[in-house]
Amino acid sequence: MVNNNLKGAICSKITVFSVLLLLVLPVFPSVAQQKGGKGTAVDTFKLADQFIARNKYKKAVKLYKSYQKNHPKDINAPWKLGQVRLWQSRNKQSDAAYNQALKLDPKNDNLRLNYTHSLLDMGKFSQAEKILSEMELEGKDYPNMALLRARMNYYKGDFRQAAAYMRKNLNEEFGNTESEELNDQIEFACSPLVS
């Protein structure tokens, strides 16, 4: 009889604790989603993307910073923050955000390639060259590495070298609009009328 009373007391305490836990959990902002107006969950990154689509970068930055504060080991918030800061022409803040993401995952090739693309847009060719060279020494050979090399040489005014990298990129990656646009720009720069 003592055993049954003990079981009942433990079960009632677990039930009370479970109910309290269910009531308290949705209040914490550390969950990846927020409550919408009618109690629906809203994905932070989707909401930020909607702000970006409407050129409301400040609101997206605020969301990313809040998410990053609550999820300090997630590379996505600083990565996305780096992109948005670049679009805002805040290169130092963009660079800092990318470096923060790279500290969390230094071998993430997609992040490194995206950062390299941003470095080229910032005009930081030596840093972009360093990352590409490191990746090549590691044996990496992604098609967009040739595209990044072509872009870098185009920005530097070395159109022959840019064209060589573009041929490599176009052979490996057919149908990429960014590659085709850059190729058109390089061909125009190499044409006899421009020369």
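## Ser 89 and the ground rules

Exposed here means over 50% relative accessible area, buried means under 20%, and partly exposed is anything in between (1.4 Å probe, protein chains only). The areas themselves come from the Shrake-Rupley method with a 1.4 Å probe, and for residues only the protein chains shown count as cover. Ser 89 sits in the loop between helix 4 and helix 5, and its phi is near 60 degrees, a positive value in a residue other than glycine.

This is a predicted model, so local features need pLDDT of at least 70 and side-chain atom pairs count only at pLDDT 80 or more, while totals for chains, interfaces and linings use all residues. Residues are numbered from 1 along each chain as its sequence is written, and side-chain values use heavy atoms, with hydrogens and water left out.

## Overall layout

The chain comes to 10 helices and two strands, following the pattern α-β-β-α-α-α-α-α-α-α-α-α along the sequence. Both kinds of element are DSSP runs numbered from the N terminus: H or I with at least four residues for helices, E with at least two for strands. Of the 195 residues in the chain, 34% are buried.

## Helix 4

Helix 4 covers residues 76-87, and nine of its 12 residues are buried, so it is largely enclosed by the rest of the structure. The buried set is Ala 77, Pro 78, Trp 79, Leu 81, Gly 82, Gln 83, Val 84, Arg 85 and Leu 86. Lys 80, also in helix 4, counts as partly exposed at 24% relative accessibility. The C-alpha atoms of Lys 80 and Ala 60 are separated by 9.3 Å, with the two residues 20 apart along the chain.

## Salt bridges

A search of the whole structure turns up 11 salt bridges. To qualify, a side-chain nitrogen of Lys or Arg has to be within 4 Å of a carboxyl oxygen of Asp or Glu. One of them joins Asp 95 and Lys 124, whose closest N and O atoms are 3.4 Å apart. The pair links distant parts of the chain: Asp 95 is in helix 5 (residues 91-104), and Lys 124 is 29 residues away in the loop between helix 6 (109-122) and helix 7 (125-137). Asp 95 is buried at 13% relative accessible area, whereas Lys 124 is partly exposed at 25%.

Glu 138 and Lys 140 also meet in a salt bridge, at 3.8 Å from N to O. Both belong to a salt-bridge network that includes Lys 107, Asp 109 and Arg 112. Glu 138 is partly exposed at 35%, and Lys 140 is partly exposed at 24%. Then there is Lys 168 with Asp 141, at 2.9 Å from N to O. Lys 168 lies in helix 9 (residues 159-172) and Asp 141 in the loop between helix 7 and helix 8 (143-156), so this pair ties together parts that are 27 residues apart in sequence. Lys 168 is partly exposed at 33%, and Asp 141 is partly exposed at 48%.

## Charged patches

Patches are built from residues with over 30% relative accessible area and no salt bridge, joining like charges within 9 Å and nonpolar side chains (Val, Leu, Ile, Met, Phe, Trp, Tyr) within 5 Å. Lys and Arg count as positive and Asp and Glu as negative, with His and the chain ends not counted. Each charge is placed at NZ of Lys, CZ of Arg, CG of Asp or CD of Glu.

Arg 54, Lys 56, Lys 59 and Lys 62 form a positive patch. Within it, Lys 59 lies in helix 3 (residues 57-70) and is partly exposed at 43%. A negative patch is made by Glu 180, Glu 181, Asp 184 and Glu 187. Asp 184 lies in helix 10 (residues 177-190) and is partly exposed at 48%.

## Another positive phi

Asn 55 has a phi near 60 degrees, positive in a residue other than glycine. Asn 55 lies in the loop between helix 2 (44-53) and helix 3, and is exposed at 55% relative accessible area.
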